[in-house]
Amino acid sequence: MDKIILSLEVLFPIIALLVLGYLLKRFAIVDENCIAGMKNIVAKILLPVLVFKCISSVTIAMDSVVIFIVVFSEFMIALGIGYLARKFYKPHEKYFPFLIGTQENGMAGYALLTALVGQEMLYELVKIDFACTIYGYVIYLTLLSVVTSGSKPSGKELAISLVKSPIIISLAVGIVGVIFGFGQWVNASRFADVYNQTLNTITAPITPIILLTVGYNFTVNKKILPDVLKTIVSRYVLWAAMGAIGLFILDKTVGVSKLLFISYVLVHFLPPTYVLPIYVKEEEHVDYISATLSLSLIVTLIVVGLLSFVKL
């Protein structure tokens with residue numbers, strides 16, 4: 001009974017914020033511009049600060065390299081399988097690979113893991129997210145741009161997009177901080193509490209803002225529900241299988257702590273990226289993608305509920 005109560009303590013605030021976000025749209029309390037602004041605040045300011053905070057206080061070791069290789073390989077495999085199997089998912093085969101080969105770590109992973117374990121325990125997710133970010137900018141968005149616009153970004157354009165990415169910048173600065181022992185120096189100084197409290201205050205709104213925006217965009221078109229359910233089942237079967245293999249590899253190479261287990265499993269059951277609908281122009285595909293994102297979140301919440309039983 002105690003475990004069920006603990007699970008509800010995690011899930012109910014998440015569901016409440018999602019419902020509140022949906023009601024904001026249902027009763028036209030805020031508009032799309034407001035939601036877009038909230039997303040920009042999170043993506044360009046709050047999340048980079050959180051990533052820097054987490055990565056600057058960890059030690060980069062062999063496990064970080066192994067995690068990167070495993071996770072990056074999984075994304076490449078998922079995308080490849082999506083392309084090979086796309087003919088079975090008509091009439092949405094054009095975007096099926098982009099729903100299979102991605103997970104929404106930025107706008108969902110951080111918020112949900114924070115609800116599970118707290119901000120101070122996000123460092124394993126940051127290691128995983130490094131692979132997600134590099135894959136997302138270098139591979140995923142490049143191919144998506146080709147499919148949606150027919151033009152292939154140049155190497156220079158890719159490099160510029162990486163350099164300008166707030167997440168990449170925060171990762172780079174955080175890694176430099178690790179190399180020069182910035183985190184250890186701050187924690188040993190008399191300003192440690194001031195520093196930590198400041199960053200905690202800045203990043204505190206991340207979870208509620210993200211969940212409100214996700215709830216706001218929740219939508220399902222019943223006409224395409226069979227196609228959506230087929231896609232959701234396919235992507236989670238694939239990611240569950242890859243996750244099991246990945247955990248086996250990690251356990252045999254660097255070991256799997258409970259925190260890494262929770263972070264890793266959560267990432268494998270996140271919804272597809274919320275960036276995808278921005279690039280897609282065809283209305284019939286937008287409805288299919290939006291419904292897939294929305295219903296995938298239900299699967300994610302079930303997994304979050306199950307993970308809440310895992311004690312650190």
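At what angle do the axes of H3 and helix H12 cross, and within what distance do they come? This is a predicted model, so please hear everything that follows as computed from it.

The axes of H3 and H12, the latter spanning residues 225–253, come within 10 Å and cross at roughly 160°. That angle makes H3 roughly antiparallel to H12. The crossing of these two helices is right-handed. On the H3 side, the residues that meet H12 are Val66, Ile67, Val70, Glu74, Phe75, Ile77, Ala78 and Ile81. Their partners in H12 are Leu238, Trp239, Met242, Gly243, Gly246, Ile249, Leu250 and Thr253.

Now H3 by itself. H3 covers residues 62–85, which is 24 residues. From first C-alpha to last, H3 reaches 35 Å, close to the 34 Å expected at 1.5 Å a residue. Its buried residues include Val66, Ile67, Val70, Glu74, Phe75 and Ala78, and each of these is also on the list of residues meeting H12. Asp63, Ser64 and Gly82 are among the other buried residues of H3.

Next, Ile100, which sits in helix H4, residues 96–100. Is Ile100 buried or exposed? Ile100 has a relative accessible area of 2%, under the 20% cut-off, and therefore counts as buried. Leaving aside neighbours within four places in sequence, Ile100 is in contact with Ala78, Gly82, Thr231, Ser234, Arg235, Leu238 and Trp239. Of these, Ala78 is in H3 and meets H12, while Leu238 and Trp239 are in H12 and meet H3. As for Cys54, it is 46 residues from Ile100 in sequence and 28 Å away in space, C-alpha to C-alpha.

Helix H5, residues 105–117, packs with helix H13, residues 258–268, at an angle of about 145°, and their axes are 10 Å apart. The H5–H13 crossing is right-handed. Asn105, Gly109, Leu112, Leu113, Leu116 and Val117 in H5 meet Leu259, Ile262, Ser263, Leu266 and Val267 in H13.

How many residues of helix H11 are buried? In H11, residues 206–216, the count is 10 of 11, so the helix is mostly covered. Among the buried ones are Ile206, Thr207, Leu211, Val214 and Tyr216.

Last item: Ser308, in the segment after helix H15, which runs 283–307. Ser308 is buried, because its relative accessible area is 14% and the cut-off is 20%. A polar atom of the Ser308 side chain lies 2.5 Å from the backbone oxygen of Gly305.

Note on methods
Residues numbered from 1 in each chain as written. Predicted model: local features only at pLDDT ≥ 70, side-chain atom pairs only at ≥ 80, totals over all residues. Heavy atoms only, no water. Helix = DSSP H or I, 4+ residues; strand = E, 2+ residues; numbered from the N terminus. Expected span 1.5 Å × (residues − 1). Buried < 20%, exposed > 50% of the residue type's maximum accessible area, 1.4 Å probe, protein only. Polar contact = N/O pair within 3.5 Å; in protein donor to acceptor, adjacent residues only side chain to side chain. Axes fitted to C-alpha atoms, helices over the stretch in contact; angles between N-to-C directions. Parallel < 35°, antiparallel > 145°, perpendicular 65-115°, else oblique. Left-handed = near helix turned anticlockwise from the far one by under 90°. Contact = heavy atoms within 4.5 Å.
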